[in-house]
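The model comes first, then the details.

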Amino acid sequence: MPAHNGVQLITYVDRFGGQTLQDLENLLSTDLKGLFKGIHLLPFYYPIDGKDAGFDPIDHTAVDNRLGKWESVASLGRDFNLMADMIVNHMSAKSQAFQDVLEKGHQSEYWSLFLHRESVFGDSGDLDMKKVFRPRPTPFFTEYNLKNGETIPFWTTFTSNQIDINVESKKGKEYLDSILTVFAKNNINVIRLDAAGYAIKRAGSNCFMLEETFTFIEALSERASELGMECLVEIHSHYETQIEIAKRCNAVYDFALPPLILHTLFTKDATALSNWLKISPRNCFTVLDTHDGIGIVDVGPSNDKAGLLTEGEINNLVSTIHQNSSGESLQATGASASNVDLYQVNCTFYDALKKDDGAYLLARAIQFFCPGIPQVYYAGFLACENDMSLLAKTNVGRDINRPYITESELKSNLNKPVVKALIELIKIRNNSTAFNGDFTFKQNKGTFQLCWTSPEEQAILTVHLNSLDASIELIENNHRKEYDLVSLIK
């Protein structure tokens, strides 16, 4: 993979102590100098303030000029492994292409670019549509009126402003290739394929992660490789699907890890985590929190397939998060607060752990010692609490964990003991060559260890479940250095 095996930052450009790409670059070269090996820039395309925080681009190939220009993106890419989102499933209803369709109807050159009910189902009845996998509680078609008076139900998987693309059409392929080309010219190393599992639709199927979807992802990955980039596929699904995807692409997310770590800390039982780490993909990126919620579907059962956790364990997990957050997560999850996804809990990871500094640092330590390239979301990096004011303002559930952080707030949070400890933990993860070696998981009664061994060094995280105490041991050339995890919080 092109990404350096060190800790990466996930951030919006304008929500992390600054307003522009230049502000972000300045921060990364001063207060946070040398801390992160890579940056995942959340959508910076025009506009950044649509109905889905940039994931509904009007122009996917244009940087929102409030943030800067492509030159600023390219500049970041010279110093960091740079990841950018490629939104393959949809574009904004306000895009020039869709507006042309509304104006000219079937005569528009972009007519084939968008999916509507007839283009997928033809004359099929409701039976086929009932099979479709739904990530949201609202209807998946939105009716738009053409200028000629015709009403067309366009496919809108997520929101009415996000019109699904026909990625198999000539226009669809040209559109996606135009994005890849711009990325390649501006030092993007890794492409995050957003919502790729929904990209291919077929009548009679659930329209999610079909065999044709795998083919689509493979072809897109090959084209990215030709341009010097690799693809990270973003899929929330049953763990067996994730394993299969990993065999056929550059990298996947380990979305099972966040709920499994919470389950382990809540129950003081590492059995489910141990079972997962025996089979989990190694070509992965790990996260605890992201701009989305904490995924639940990733550890749950699917039809007749058992999950990594049982229904009862999942219910206990979700209930404990709601309890730990004093009910705040409940106000932002499920059918509440205009959610587009019923299979995630919206809450900061810090609040999910009851704002317990020791438990939070332990969760990060486990993440950093699990296989994969670790990423830390900006709000999680600063151990932010649920943003109930932003939630009240927007009534968008995921905004509970999408705060706008001012420069003064950032500097204040950097002085929090738990954040200082997390920075030390990041340095340990970045500086040990052991993480380029072999991984083993060892479990005894009441204790488990995550071990990395390379020819030069060994790194071991030991966790005592009953007390949730933990230590890190680094061994290099017979020289041993040990850190008590709690002692990092000063």
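## A cluster of rings

Which residues do ring pairs link into a cluster? In this predicted model, the members are Tyr-12, Phe-16, Phe-36, Tyr-377, Tyr-378 and Phe-381. One of them, Tyr-12, also has a charged neighbour: the charged end of Arg-15 sits over its ring, 4.3 Å from the ring centre.

## Two tilted pairs

Across the structure there are 28 aromatic pairs. Take Phe-44 and Tyr-45: their ring centres are 4.5 Å apart and their planes meet at 45°, so this pair is tilted. A plane angle under 30 degrees would have counted as stacked, and one over 60 as edge-to-face. Phe-44 has 0% relative accessibility and therefore counts as buried. Tyr-45 is buried too, because its relative accessible area is 0%, where the cut-off for buried is under 20%.

Tyr-198 and Phe-208 make another tilted pair, with 4.8 Å from centre to centre and 50° between the planes. Both Tyr-198 and Phe-208 lie in the loop between strand S10 (190–194) and helix H7 (211–226), so their pairing ties together parts that are 10 residues apart in sequence.

## A lysine over a tryptophan

If you are setting out to look at charges over rings, here is one with a lysine. Lys-201 lies over the face of Trp-155, and the distance to the ring centre is 5.4 Å.

Terms used. Residues are numbered from 1 along each chain as its sequence is written. This is a predicted model: local features need pLDDT of at least 70, side-chain atom pairs count only at pLDDT 80 or more; totals for chains, interfaces and linings use all residues. Side-chain values use heavy atoms; hydrogens and water are left out. Rings of Phe, Tyr and Trp (its six-membered ring) pair if their centres lie within 6.5 Å; planes under 30 degrees apart count as stacked, over 60 as edge-to-face and the rest as tilted. Buried means under 20% relative accessible area, exposed over 50%, partly exposed in between (1.4 Å probe, protein chains only). Helices (H or I, at least four residues) and strands (E, at least two) are DSSP runs, numbered from the N terminus. A charge sits over a ring if NZ of Lys or CZ of Arg is within 6 Å of the ring centre and within 35 degrees of the ring normal.
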